Every structure is written in C-alpha cells, then in structure tokens.
Amino acid sequence: GHADSDVATNLAAVLHEQGRPAEACEVLFPHLRDGGRHPVGWNTLGVSLLAQGRVPEAAGCFQRAHQQDPTNPLPLVHLHGALLDDRDTAPARRALEAAAKIAPTDPATRFHLGVLWGLMSPEAAARHHAVLPPEASAWLSSWAFFLERRAPSTRVFGSTATTLRYAASLAKVDGLVLEFGVRFGTTLRLLQSATGQLVHGFDTFTGLPEDWHTVPRGAYTTGGRIPDLGPGAHLIPGLFSDTVAPFLVQAPGPLRLAHIDCDLYGATLDALGPLAERVVPGTVLVFDEYLMNPHWPEDEHRAFSEVASRFGWSFRYAAVSFVTNQVVVEMM
C-alpha cells in the first residue's frame, strides 16, 4: 500500500544520498511499476536514474512527479537538469519557467533561469540574478567566472552523466583513465562505458580524510567496503598521497582522462601533482566540485590553478554544469 511506498521512497532517498542510485532504483521500481500515485517517489526515482545516466527515463519520472503534484517546483528544477542542452535551451527553460510560476522567489530556479537566458545574452541573466539573496553569492561568482573564462566552444550541461560523457568524447589521447573519489562506483561505471576501457579508481573507502568546510571528516565513506565493480575497474585503496606515485611507476603512458572528485584542496593537489608528467595536449580533466559551493575558489579550483601555473599548462574550459558543479578542462 501507500505506507510501503513511503518507506521504499525514504529508503531509496537514503541509498541515493549514500551514492548508491542503482540500489535506490531497485527498491523503488516495484512500488511505482504500475504508474502509481506517489509524486515524491517518482521524483526520487528520477534523481537516481539521472545519477546513472539514464536521462530520458529520469525526465519521464520528473514529468510524472510534476503531473501528480503540480504544487512542488522541485521535479521541474530536476527536469531542467535532465533536459539541459545549451544548443537548444528551450525544453529546459520551459521546465524552469513552470517552476518559477509555482515558486517565484525560489533562488535556485531564479539562478538557473538566469543562466539559460544568459547563455543567449549575458545581459538577460541580470534580471533573474538581481533578485537573488546574499547567500547565493557563490553562484553569482561562479557565473561571473564562467563568463570571463568560457570559449565560444564551451558547452553547458545539467547532469553529472551528460558532462562525463561529453568529457569522454573529447578525450582522444590513447592513455590512462583514472578516477579520484570512487565511493560506490556510480561515476566509474559511467566512465567505463563512455571511454570503453579499464578505469583505475583511487579512494580511501573510509570517507574524507579531513573536514571539508561544513562536511565532516569521514563523510562519503563506503564503511571501508571496497565495491565490486567487475573486471572493467581496477581499484586502489588508500590516500592519494600514498597510492598515486607507486601506481604510476607500473602504469606507462600518458593520461587520457582523469575524473577528480576530491572536493578537498589538499586531496586535489595530491592527485594532480604526481600526474603532471603524464598530462599531454588532449588530456581531459573533469572536476566534480569546481564551482557553485560557498568555498569553491579555495577548493578544487585553487588546486588546479596552482598546478596549472606550476607546470605552465595551457588549457581551455571545455564544459561546465552549474547544476552539478562540474567543470571539464581540455589541455592544449
């Protein structure tokens, strides 16, 4: 009954938060299979499908959640992320305009509407961004950074999976594919299928080695459990400062793509520093927490900027997602 669906939805939300969206879907599917009425369940299912890169299915779930509860703007905001294509922003924009009708003052809706209008003309962003509260300052500084650093070819996406797939499509160097920050392997699986090759994954599997601003040390742990990700993954447990250099001794060749999901300034430095000698023109770096959070200039961005200047790298910002805080960098 409905109570069971509520329990399943809560459990799925917890699994999703833990970085286990495939398990979240398994829990929810049986309760929603017959198209039942459970708007929160459909929204949660959509979020978990989107995390796995199942974009059209996710969009369908968000649409159904909205139909079942037209008073909640959240499924529409998620739908915009699933639909976001900077070459045709109209579908994503329609979803956000509908969200803005429901919640005219919702800061996230306003900010992202400003982005979509601003992609067409930067001045058009201002009327949405002018009404944002002071706590949105990190969003506005992220947008200003993008406007300053983007190239005509810089793409804008709205989900982790679409950003990663684009990064993989750019990465044509014959070389290593690495991920720093594996957790339960959701993005590693996406990288595996997008690059068609073995992915080497580095993680302590015991969570963050130190506090990340308000996020406590030990967050994002798998409880020390190393996930079984099959033969397409080679997992290397431990601190990056202990594992990356020894790995490189026995892994020849340049770097094709590195997915940097370290959050922390120090951990990002520990990953990038030893890799520098393997970075060549055409190497692609994807950062998972580059923009948008309150301390973004101090974290992955700062670490990358320092390493780039130390090694004299020239690069372009190839893509960005303001929804998922990602940035894709292509070495020139």
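Mentor: The buried residues of helix 10 are Thr160, Ala161, Thr163, Leu164, Tyr166, Ala167, Ala168 and Leu170. The model is a predicted one. Helix 10 spans residues 160-170, and with eight of its eleven residues buried it is mostly covered. An α-helix has 3.6 residues a turn, so residues three or four places apart point the same way.

Thr160 belongs to helix 10. Thr160 counts as buried because its relative accessible area is 19%, and the cut-off is under 20%. Beyond the neighbours within four places in sequence, Thr160 is in contact with Thr187, Asp288, Thr324 and Gln326. Gly238 lies 78 residues from Thr160 along the chain, and 25 Å separates their C-alpha atoms.

Next, the nonpolar packing. The largest nonpolar core holds 81 residues, and Phe180, Leu285, Leu291, Phe304, Trp313 and Phe322 have the most contacts inside it. Helix 4 (residues 55-68) gives the largest share of this core, six residues. Another core lies apart from it and has 24 residues, including Ala167 of helix 10 as well as Phe157, Phe205 and Ala318.

With neighbours within four places in sequence set aside, its contacts are Phe111, His112, Val115, Ser142, Trp143, Phe146, Val156, Phe157, Leu291 and Met292. Two of these names, Phe146 and Leu291, return in the lining of the largest cavity.

The largest cavity contains about 70 Å³ of space. Its lining consists of Phe145, Phe146, Arg149, Arg150, Thr154, Leu291, Tyr317, Ala319, Val320 and Val327. By class, seven of these are nonpolar, one is polar and two are charged. At least two lining residues come from each of helix 9 (137-149), strand 1 (150-156) and strand 7 (315-321).

For another helix, take helix 6 (residues 90-102). Helix 6 has 13 residues and reaches 19 Å from its first C-alpha to its last, close to the 18 Å expected at 1.5 Å a residue. Ala90, Ala92, Arg93, Ala95, Leu96, Ala99 and Ala100 are its buried residues. Helix 5 (74-83) and helix 7 (107-120) are among the elements that cover them.

Technical notes: Residues numbered from 1 in each chain as written. Predicted model: local features only at pLDDT ≥ 70, side-chain atom pairs only at ≥ 80, totals over all residues. Heavy atoms only, no water. Core = buried A, V, L, I, M, F, W, Y, C linked by side-chain atoms within 4.5 Å. Buried < 20%, exposed > 50% of the residue type's maximum accessible area, 1.4 Å probe, protein only. Helix = DSSP H or I, 4+ residues; strand = E, 2+ residues; numbered from the N terminus. Contact = heavy atoms within 4.5 Å. 1 Å grid on protein atoms, 1.4 Å probe; cavity = no way out; pocket = protein on both sides within 12 Å on 5 of 7 lines; lining within 4 Å. Points joined across faces, edges and corners; volume = space filled by probe spheres on them. Nonpolar A, V, L, I, M, F, W, Y, C, P; charged D, E, K, R; others polar. Expected span 1.5 Å × (residues − 1).
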